[in-house]
Amino acid sequence: MKPLTAISGRTIELRPLGTDATDLTGVLAEVELLRTWRNAFEIGRWFGDQGPIQPAQHAEWVQRYFADDGDVTWIIKRRIAAQWRSGHAEALEAVGALSLCNIDREKRKAEIGRMMVAVLAQGHGYATEAVRLVIAAAKGIGIAEIRLTVRPDNTRAISLYGSCG
């Protein structure tokens with residue numbers, strides 16, 4: 001069982017990968033959205049020299065992910081106002097993802113990783129809010145040390161993570 005669940009913030013909600021889907025097709029659509037974001041040049045270039053992630057390669061990762069209780073990936077969903085026939089309501093739109101991985105409750109350590117925000121959603125503070133929510137959730141399950149790896153030329157990410165402590 002994954003150790004963390006949905007997290008609600010001021011402008012976003014973090015939903016664990018696959019939990020909003022009502023069937024396998026919905027899970028697969030969410031998983032493919034991750035691959036699409038990851039393969040976008042503006043995002044993928046920060047993940048190293050792996051090149052585009054192919055469907056078979058991504059499917060292998062998905063199998064490992066769902067089998068690993070020490071890895072939680074959230075879909076970052078921003079709140080948007082929606083107009084329905086019955087009146088106003090709030091809807092959620094997927095804009096990115098963030099993971100807390102290598103969770104070791106015994107050693108009280110974990111790692112933040114796989115942060116990505118869709119290009120058109122960047123610059124609105126969603127990533128900052130997501131990181132802060134994940135840090136708070138990790139502390140809530142007893143994690144005392146959170147690590148991350150970031151490329152030295154990724155100045156936006158360095159600034160983001162620095163602002164979150």
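## Salt bridges

A salt bridge here is a side-chain nitrogen of Lys or Arg within 4 Å of a carboxyl oxygen of Asp or Glu. Arg 151 and Asp 153 form one, with their closest N and O atoms 3.1 Å apart. Arg 151 is partly exposed at a relative accessible area of 29%, where buried means under 20% relative accessible area, exposed means over 50%, and partly exposed lies in between (1.4 Å probe, protein chains only). Asp 153 is partly exposed too, with a relative accessible area of 42%. By the salt-bridge rule, the count comes to eight.

## About the model

Before going further, please keep in mind that this is a predicted model, in which local features need pLDDT of at least 70 and side-chain atom pairs count only at pLDDT 80 or more, while totals for chains, interfaces and linings use all residues. Residues are numbered from 1 along each chain as its sequence is written, and side-chain values use heavy atoms, with hydrogens and water left out.

## Bridges between strands

Helices (H or I, at least four residues) and strands (E, at least two) are DSSP runs, numbered from the N terminus. With that in hand, have a look at Arg 79 and Glu 13, whose side chains meet in a salt bridge of 3.2 Å, N to O. Arg 79 belongs to strand S3 (residues 72-84) and Glu 13 to strand S2 (residues 12-16), so this pair ties together parts that are 66 residues apart in sequence. Glu 13 is buried, with a relative accessible area of 15%. A network of salt bridges links Glu 13, Arg 15 and Arg 79.

Glu 93 and Arg 78 make another salt bridge, and here the closest N and O atoms are 2.4 Å apart. Because Glu 93 sits in strand S4 (residues 87-104) and Arg 78 in strand S3, the pair ties together parts 15 residues apart in sequence. Both ends are partly exposed: Glu 93 has a relative accessible area of 31%, and Arg 78 has 22% relative accessibility.

## How H4 meets H5

Two packed helices are described by the angle between their axes and the distance between the axes. For helix H4 (residues 126-140) and helix H5 (residues 155-163), the axes come within 9 Å and cross at roughly 45°. Axes are lines fitted to C-alpha atoms, for helices over the stretch in contact, and angles run from 0 to 180 degrees between N-to-C directions. H4 is therefore oblique to H5; angles under 35 degrees count as roughly parallel, over 145 as roughly antiparallel, 65 to 115 as roughly perpendicular and the rest as oblique.

Which residues make the contact? From H4 come Ala 127, Thr 128, Val 131 and Arg 132, and from H5 come Leu 160, Tyr 161 and Ser 163, with contact meaning heavy atoms within 4.5 Å.

## Backbone and loop details

Two residues have a positive phi although they are not glycines: Asn 102, at about 50°, and Arg 108, at about 60°. Asn 102 lies in strand S4 and is exposed, with a relative accessible area of 52%. Arg 108 is found in the loop between S4 and strand S5 (109-117) and is partly exposed, at a relative accessible area of 43%.

Gly 48 has its place in the loop between helix H2 (41-44) and helix H3 (55-67). Gly 48 is partly exposed, with a relative accessible area of 29%. From Gly 48 to Trp 74 the separation is 26 residues in sequence and 21 Å in space, C-alpha to C-alpha.
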